[in-house]
Amino acid sequence: AVAGARQQVENRILQTTRIADSASAHDAPALYKDAVRQAEQAVLSRVLSSSVARTVADTVVLYARRKAERALPELANAAYEAATRGQAGKKDVEKAFRAINAWDRFIGGGPGRPLVSNLGALKADVQRVLDSAMQAVARAWPAPRISFVRVGDQFTADLSGRPVRGRVPLL
């Protein structure tokens, strides 16, 4: 009975992880977190040993880190794209940063070791684009495309290579 229960738990965790792997960048952190929670619950129910649950959780986090490599640029670029729409895009900017924060809470290194090492600079730059877009007498430049560089267990938004353009007043 215990072996059957263990197999069911492992299958549920595997299924949740697979769903997270194919989920949107916004939804994936909560799904990965749920997979880890299932492993923790299985320890409390005495279905999995704590060492097996830790191994399962570490594996789920590995999958989450791989997904984060794709999700973070997607979210940051979505924030820039939304920012170019001015007030109309403000909620989408906030949604993108809520998702980035969810990734940080799940796989970040904790206080002083955020998942995105220059998140403040990224937010400030997106805010600059948003502020410029909200000026009624300006014409928008296309949203910049940025990438992230992985350094150990952190990611850094590469803001250096994109053109530094504001909005140009219409004449």
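V151 has Q154 in strand β3 as its bridge partner. Strands β2 and β3 run antiparallel and are joined by 5 bridges. The model is predicted. The protein chain holds 5 helices and 4 strands.

**The β2–β3 hairpin**
- Strand β2 covers residues 147-151, and strand β3 covers residues 154-158.
- In this hairpin, 2 residues lie between the strands.
- G152 takes a positive phi near 65° in the hairpin.

**L130 in helix α5**
- Helix α5 spans residues 119-133, and L130 is found in this helix.
- Is L130 buried or exposed? L130 counts as buried because its relative accessibility is 2%, and the cut-off for buried is under 20%.
- Leaving out residues up to four places away in sequence, L130 touches A83, G86 and K90.
- K90 is 40 residues from L130 along the chain, yet the C-alpha atoms of the two are separated by 7.4 Å.

**The chain as a whole**
- Along the sequence, the elements of the protein chain follow the pattern α-α-α-α-α-β-β-β-β.
- The protein chain has 171 residues, and buried residues make up 40% of them.
- Among contacts in the protein chain with a separation of 6 or more, 74% are between residues 24 or more positions apart.
- The accessible surface of the protein chain is about 9,700 Å².
- Carbon and sulfur atoms account for 54% of that accessible surface.

Methods
Residues numbered from 1 in each chain as written. Predicted model: local features only at pLDDT ≥ 70, side-chain atom pairs only at ≥ 80, totals over all residues. Heavy atoms only, no water. Buried < 20%, exposed > 50% of the residue type's maximum accessible area, 1.4 Å probe, protein only. Contact = heavy atoms within 4.5 Å. Areas by Shrake-Rupley, 256 points an atom, 1.4 Å probe, with all protein chains shown as cover. Pairing = 2+ DSSP bridges.
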